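Trainee: Please take a close look at a single part of this model. Walk me through its surroundings in one go.

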Amino acid sequence: MQVGRGAATVLCLLALALGGGLAPAAAVTTSPPVAGPPPPGETRSHYLTTVDQAALRRTGTADAQDALAQGMTQALVVLDAGSPAGDDGSVRLPDTRLHTLARDVAKAVEAYGKAWQSAKGPALVLVVGTTNYGEYAGGPHGAAWARMVETVSDALPGIDVRGGLDAEQEYSTALATRSWVEAFDASGTRPYVDFGSCTCPPLPAPPANGWTTEDVYAVAVGDGRAVALPEIYAVKGGNARAWARLEAWSVEHHPDLPVRIVGALTEAAACVGRSCPGIDLAPQPAWAQLTAALGLTADAGPDLRYLSDISYLPSPGRKPHGGISTPLVIGLVVLVCALLWTTGYGYWRHRRAHRTTKRASRR
């Protein structure tokens, strides 16, 4: 198609005007619709790549305002401080080489929580998370983490502060992880949230890395006060099905204390600008997958109430969930404009040369 310079300019302006709508359109999942309970509003959770208190205050304010804008009355946020780096509760911050003391994590989380309260955000469950990765993911770290969570809870009256463990079978042994859980439960009054994975194929196949189904269950329930906010990352539904199998197994084998799944955690925002093929599921499709796998229809029940998408600090702004990132949209628009301009300019040069040749031939 031949395009003049004026048309190219109009098309470029139109493309830029529509650019903000490209990412949500690309985020539409190919999963079939499920007639389950409607998803709640979604919060933003964060990998703490920094413990700078000013950054956490800005983030807490922005997250509270976002939750209010969605009309949420209850919310859950995970602040994941990374992997154990010492028996004293220190951690290595996610995606960094920075080792940080537990007291610095506590001050950062307190800054976030106070900012949330100042912004008058909805009722909040604030999860102070670590992982079961590495040699220090055992009992001493669990005990130190429980004491740190206790200090944060004391500093944030009115917020339901809990510990958190990104428990993944591939990260560590079941013995070390269960030791962390038992020490945490014995060393403080606050419960914890298992926001990890369940690499649990259909029975009789065992979970990954020598774990048993009993091990995965024990980490998910702890002393009976723990709840699970499972990672529902897989686009094809494997995570949701695995957690549903674990929940069904727990009802059969531990009817008095089954696994309590309170929502879903996704990482679509964390995948923006990164390579996450097959595990960048957006929050609402994740909710649909989980509720379908659990066999829920119109009512999610009293436990299933939270939906959160995790990203990396220090960027608190909403990201396109599973879609095309804003920089990519801008790049595509610029490329289209350049192509249109080049085509239009080339055509204009061709027409001008043609007219010049015709005038010369008449002389």
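Mentor: Start with a charge and a ring. The charged end of Arg274 sits over the ring of Tyr312, at 3.9 Å from the ring centre. For that label, NZ of Lys or CZ of Arg must be within 6 Å of the ring centre and within 35 degrees of the ring normal.

A word on the basis. This is a predicted model, where local features need pLDDT of at least 70 and side-chain atom pairs pLDDT 80 or more, while totals for chains, interfaces and linings use all residues. Residues are numbered from 1 along each chain as its sequence is written, and side-chain values use heavy atoms, leaving out hydrogens and water.

Now the strand itself. E11 covers residues 306–312. Helices (H or I, at least four residues) and strands (E, at least two) are DSSP runs, numbered from the N terminus. E11 is mostly covered, with six of its seven residues buried. Buried means under 20% relative accessible area, exposed over 50%, partly exposed in between (1.4 Å probe, protein chains only).

Next, the partners. Strands pair if DSSP finds at least two bridges between them. E1 (residues 43–47) pairs with E11 in the parallel sense, over five bridges. There, Arg44 stands opposite Asp309. E10 (residues 263–266) also runs parallel to E11, over four bridges. Leu307 in E11 is the bridge partner of Ala264.

From E10 the chain crosses through helix H9 (residues 283–293) to E11, a right-handed β-α-β crossover. Right-handed means that, with the strands pointing away from the viewer, the path from the first strand over the helix to the second runs clockwise.
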